[in-house]
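Colleague: I am new to this one, so please take me through it slowly, a question at a time.

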Amino acid sequence: MKILIVNGPNLNALGQREKDIYGTDTLEDLENQCISYGASNGIEVLVYQSNIEGEIINYLYKMKDIVNYIIINPGALTHYGYSLRDCISAIENDVLEVHLSNIDNREEFRKTSVITPVACGKISGLGKEGYILAINYFILKNEK
Ligand code: DQA
C-alpha cells in the first residue's frame with residue numbers, strides 16, 4: 001500500500017514559523033516520522049511539498065493512479081483554493097484533510113475550508129500526531 005502526504009504553502013517553514021502554533025519540528029522531521037511510521041506498518045509513505053497550487057495539482061494528477069490514499073495539508077489553500085478543490089474532486093481518490101492547528105478556533109477566515117466538502121474527512125488541531133492518525137485511518141480502511 002502506498003500513501004502520499006502532500007503539504008501546501010508555507011509548510012516548508014515548519015520549525016521556524018509560528019512555533020507556538022505549529023510546533024518545533026521541521027517539515028523534514030514530520031515527513032521522516034510519517035515515513036518511519038509507515039515502514040513499521042509495512043506501507044510506503046511518499047511525501048511532497050510545494051508552495052504553488054498549480055504544482056500540487058499537477059503532482060496529484062501524476063500520482064493519482066500510483067498511490068492508494070492521499071493525506072493533504074493544503075495550508076492556506078484550504079480557505080480559498082478552488083482549483084485544488086476541483087482537482088481533489090476530479091481525481092476521485094480518498095483524500096484526507098489534515099491541519100496541525102485547530103482551524104475552527106483561530107481567525108474567522110480559517111473556519112472556512114473549501115477542501116472539506118471533497119475530502120473523505122478532516123483531522124484538525126492534533127499537531128503532527130494528526131498525520132499519524134491519518135495514516136492509521138487508511139491502514140484500518142485498507143484492512144476492511
Ligand atoms: C494549517 C492551517 C492553515 O490555516 C494555515 O494557513 C497553514 C497551516 C495547519 O496545518 O494548521 O498554513 O493548514
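**Strand 3 and its partners**

Colleague: How many bridges join strand 1 to strand 3?

Modeller: This is a predicted model, in which local features need pLDDT of at least 70, side-chain atom pairs count only at pLDDT 80 or more, and totals for chains, interfaces and linings use all residues. Residues are numbered from 1 along each chain as its sequence is written, and side-chain values use heavy atoms, with hydrogens and water left out. Strands (E, at least two residues) are DSSP runs numbered from the N terminus, and two of them pair if DSSP finds at least two bridges between them. Strand 1 (residues 2-7) and strand 3 run parallel, and the number of bridges joining them is five.

Colleague: Which residue of strand 3 is the bridge partner of L4?

Modeller: Strand 3 also pairs with strand 4 (residues 94-99), in the parallel sense and over four bridges, and there Y69 stands opposite D94. For L4, the bridge partner in strand 3 is I70.

Colleague: Is strand 3 largely enclosed or open?

Modeller: Buried means under 20% relative accessible area with a 1.4 Å probe, protein chains only. In a regular strand the side chains alternate between the two faces of the sheet. Here Y69, I71 and N73 on one side and I70 and I72 on the other are all buried. Five of the five residues of strand 3 (residues 69-73) are buried, so the strand is largely enclosed.

Colleague: Which residues does N12 touch, leaving out those up to four places away in sequence?

Modeller: N12 lies in the loop between strand 1 and helix 1 (19-22). Counting a contact as heavy atoms within 4.5 Å, N12 touches L27, Q49 and N51.

How values were computed. Buried < 20%, exposed > 50% of the residue type's maximum accessible area, 1.4 Å probe, protein only.
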